[in-house]
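I opened this one to see how its parts pack together. Here are my notes, in the order I looked things up.

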Amino acid sequence: MAKIDELTDLIEPVVIGMGFLLWGVEYIPSGNYSTLRIYIDHEDGIQVDQCADVSRQVSAVLDVEDPISSNYTLEVSSPGMDRPLFTLEQYAAYIGEWVDIKLRYAFEGRRKFKGVLVGIEDGDVIVQVDKEEFLLPIESIDRGRIIPNFN
């Protein structure tokens with residue numbers, strides 16, 4: 001998490017300065033080649049050319065600061081309809097929606113939870129799977145996404 005925090009501290013001022021919201025940052029190290037994925041959002045939506053503009057500006061900052069020692073690919077994207085969730089505030093905004101959550105470590109014998117996001121309580125995300133509710137600590141969530149509803 002320290003690397004994500006470092007990268008967020010470098011990237012967020014650039015993204016905000018360009019008029020966008022930094023939705024989240026994913027850093028996926030993989031040996032000598034890593035991926036840095038940045039999600040940006042805006043109330044009017046995101047266009048491909050805006051992602052390219054943010055990519056150029058962020059790339060320039062990363063070239064100067066050099067926070068990633070290995071080779072990496074920089075990806076800038078909209079969070080999309082199946083948006084990843086990174087913070088408690090983001091989870092709180094989607095209460096009532098279906099989510100797909102994967103934990104870093106097993107909780108009650110499982111790592112994957114797919115169900116309705118029913119609330120937030122004391123740093124935990126509450127998900128109802130079938131008829132059972134699970135309190136999942138935010139710091140144990142590896143990945144959480146909205147499951148789009150097309151009905």
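Is Y39 buried or exposed? I looked this up first: Y39 is buried, at a relative accessible area of 5%. For my own reference, buried means under 20% relative accessible area, exposed over 50%, and partly exposed in between, with a 1.4 Å probe and protein chains only.

A word on ground rules. This is a predicted model, where local features need pLDDT of at least 70, side-chain atom pairs count only at pLDDT 80 or more, and totals for chains, interfaces and linings use all residues. Residues are numbered from 1 along each chain as its sequence is written, and side-chain values use heavy atoms, with hydrogens and water left out.

**Entry: aromatic pairs**

I found 2 aromatic pairs in the structure. Rings of Phe, Tyr and Trp (its six-membered ring) pair if their centres lie within 6.5 Å; planes under 30 degrees apart count as stacked, over 60 as edge-to-face and the rest as tilted. One of the pairs is Y39 with F86, which is tilted, at 5.9 Å centre to centre and 45° between the planes. Y39 belongs to strand β2 and F86 to the loop between β3 and α3 (88-93), so the pair ties together parts 47 residues apart in sequence. Helices (H or I, at least four residues) and strands (E, at least two) are DSSP runs, numbered from the N terminus. F86 is partly exposed, with 27% relative accessibility.

**Entry: helix α2**

Next I checked α2, residues 48-65. Its 18 residues reach 26 Å from first C-alpha to last, close to the 26 Å expected at 1.5 Å a residue (1.5 Å times one less than the number of residues). Which residues of α2 are buried? They are C51, V54, V58 and L62. Seen down the axis of α2, the buried residues fall within an arc of 70°, so they line one face of the helix; the arc is that of the directions from the helix axis to the C-beta atoms. An α-helix has 3.6 residues a turn, so residues three or four places apart point the same way. On the other side of α2 I noted R56, D63 and V64 as exposed. The buried residues of α2 pack against α1 (2-17), β2 (33-41) and β3 (71-77), where contact means heavy atoms within 4.5 Å.

**Entry: cores**

The largest nonpolar core has 19 residues, and L7, I11, V15, L36, I38, I40 and V58 have the most contacts inside it. Such a core is a set of buried Ala, Val, Leu, Ile, Met, Phe, Trp, Tyr and Cys residues joined through side-chain atoms within 4.5 Å. At least two of its residues come from each of α1, β1 (21-28), β2, α2 and β3. A second, separate core of 16 residues includes W23, L103, F113 and V129. I also saw that the charged end of R83 sits over the ring of W23, 4.6 Å from its centre (the rule is NZ of Lys or CZ of Arg within 6 Å of the ring centre and within 35 degrees of the ring normal).

**Entry: positive phi**

D66 has a positive phi of about 50° although it is not a glycine. D66 is in the loop between α2 and β3 and is exposed at 52% relative accessible area. D122 also has a positive phi, near 50°, and is a residue other than glycine. D122 lies in the loop between β5 (110-121) and β6 (124-129), exposed at 75%.
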